[in-house]
Amino acid sequence: MSLVCYSNSSESENEENLEDTANCDKSVIKNIKHKNLPQASTLLGESKASVEVIDEPSLHEGRVRGFKHERGNWATYVFVPISGDLLEDLQESCLAQISKLTDFKTSAEFHISLSKTIVLQYHLIDAFVECLEGAIQNCQSFPVTLNQLMVYTNSERSRTFLAVKIKDLYMMKMTELLSHVNRVMLDFKLDTFYKDPSFHITFLWCLGDQVKLIESHLPQLVNALKDCLCIKIEIQNINCKSGYKEFTFKLKN
């Protein structure tokens, strides 16, 4: 089984230049270009003092921030939301099988990533969301099946993930959907998704690089989980989360 690495944070903090956003709705770009930027107090709060945010992994189950926090910059990513009910049985059964190997944590929410985590300045969020909505407005919903366990690690190799992967049969459909998201990323001069994407849903994770340990137990794990491993879902919505803001776009039936 091949190891798949992916990042849980932005690998690029490029400056966005709206003059070059050729593919987005021209009216959106025009409005942003002529719109007065918000005052610093609106974006950053009333305090005049610069407050440094110190990363405390102990407050986040040992997770380490992948990029430095800067006020006015919002971590943003695009994904397909997945109902928790669809993977609960798999998550519980898998945890029961491998809980003695290392300290596994359960994923609180399930999703299929369609972007890396990128950084948006606050005043660009509305324009980004509007362009994303326009890019996927004609996309149709479609079903997929997940049936393969995979082990992933982030680029820093500080966390390891156990996930269930979408069957290759649906790769073309997922890649087509991803292409619309990538186009918006390019318009805003942001990193696109991985060149060879692996569409999956993470349901368990642990700290450190535990790939070899988990992979050594995959055959037994797959055999034990065969009754709940095949999962069918419908790709119906695309979500974009930026800081505490979350936007949902419904695909056509």
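On one side of helix α3 (residues 88-98), Asp89, Glu92 and Ala96 are exposed, where exposed means over 50% relative accessible area, buried under 20% and partly exposed in between (1.4 Å probe, protein chains only). Helices (H or I, at least four residues) and strands (E, at least two) are DSSP runs, numbered from the N terminus. The model is predicted, with pLDDT of at least 70 required for local features and 80 or more for side-chain atom pairs, whereas totals for chains, interfaces and linings use all residues. Residues are numbered from 1 along each chain as its sequence is written, and side-chain values use heavy atoms, without hydrogens and water.

The buried residues of α3 are Leu90, Gln91, Cys94 and Ile98. Seen down the helix axis, these fall within an arc of 95° and so line one face of α3; the arc is taken over the directions from the axis to the C-beta atoms. Their cover includes β4 (110-113), β7 (159-166), β8 (200-207) and α7 (218-224).

Helix α4 (residues 125-136) packs against helix α5 (residues 171-187) at an angle of about 145°, the axes being 9 Å apart. Axes are lines fitted to C-alpha atoms, for helices over the stretch in contact, and angles run from 0 to 180 degrees between N-to-C directions. In the contact (heavy atoms within 4.5 Å), Phe128, Cys131, Leu132, Ala135 and Ile136 of α4 meet His180, Val181, Arg183, Val184 and Met185 of α5.

Zero disulfides were found in the whole structure, a disulfide being a pair of cysteine sulfur atoms within 2.5 Å. For Cys228, the nearest cysteine sulfur is that of Cys94, 8.5 Å away. Cys228 is partly exposed at 22% relative accessibility, while Cys139 is buried at 10%.
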